[in-house]
Amino acid sequence: MKHLRLFAAFAVLCLLAGTAFAVAKLMPAVVDDDKCTGCEACIERCPFGAISLSEDKVAVVDEEKCTGCGKCVRACPNEALSVE
Ligand code: SF4
Ligand code: SF4
């Protein structure tokens, strides 16, 4: 019985974590091209390697890699990034 409760609690935790991850994946970071100066601060800050610079030196977010964690938003000195 004790093991059953532990298993049920673990299953609920996995479900919640999976839901949170799915929601985050739906909200990748968005770049405001007009504000981005190409300073690369966000590239250095992103733990998932989800940002690169375009040929025009503007940040580009790889939506497949982005988890929506928001670290790049806080790193940008120009408020050019947002997680919607
Ligand atoms: S929200 Fe997180 S994962 Fe997405 S680009 Fe920014 S730092 Fe990277
Ligand atoms: S930190 Fe901001 S200004 Fe710098 S490259 Fe990233 S989005 Fe552009």
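I started with contacts: two residues are in contact if their C-beta atoms, placed from the backbone, lie within 7 Å. With that in hand, I looked up Cys66 and found that it touches Pro28, Ala29, Phe48, Ala50 and Val61, not counting residues up to four places away in sequence.

A note on ground rules. This is a predicted model, where local features need pLDDT of at least 70, side-chain atom pairs count only at pLDDT 80 or more, and totals for chains, interfaces and linings use all residues. Residues are numbered from 1 along each chain as its sequence is written, while chains are lettered from A and ligands numbered from 1 in the order in which they are written.

**Overall layout**

I used DSSP runs for the elements, numbered from the N terminus: helices are H or I with at least four residues, strands are E with at least two. The chain has three helices and four strands, and from the N terminus their order is α-β-α-β-β-α-β. Among contacts between residues at least 6 apart in sequence, 60% join residues at least 24 apart.

For burial I counted other C-beta atoms, placed from the backbone, within 10 Å of a residue's own: 20 or more is buried, 12 or fewer is exposed, and in between is partly exposed. By that count, 15% of the 84 residues of the chain are buried.

**Cys66 and Val61**

Back to Cys66, which sits in the loop between strand S3 (59-61) and H3. Is Cys66 buried or exposed? Cys66 counts as buried because it has 21 C-beta neighbours inside 10 Å.

Val61 has contacts with Pro28, Ala29, Val31, Ala50, Ile51 and Cys66, leaving aside neighbours within four places in sequence.

I took a residue as near a ligand if its C-beta atom, placed from the backbone, lies within 6 Å of it. Which residues come nearest to ligand 1? Of the 16 around it, they are Ala29, Cys46, Cys66, Cys69 and Cys72. For ligand 2, I found 14 surrounding residues, with Cys36, Cys39, Cys42, Ala59 and Cys76 the closest.

For classes, Ala, Val, Leu, Ile, Met, Phe, Trp, Tyr, Cys and Pro count as nonpolar, Asp, Glu, Lys and Arg as charged, and the others, Gly among them, as polar. The shell around ligand 1 holds eleven nonpolar, three polar and two charged residues; the shell around ligand 2 holds ten nonpolar, three polar and one charged.

**Val73**

Val73 belongs to helix H3 (residues 71-75). I put it down as partly exposed, because 17 other C-beta atoms lie within 10 Å. Beyond four places in sequence, Val73 touches Ala29, Leu81, Ser82 and Val83.

**Two phi angles**

Most residues other than glycine have a negative phi. Lys57, not a glycine, has a positive phi of about 65°, and it lies in the loop between strand S2 (51-53) and S3. Glu79, also not a glycine, has a positive phi of about 50° and lies in the loop between H3 and strand S4 (81-83).
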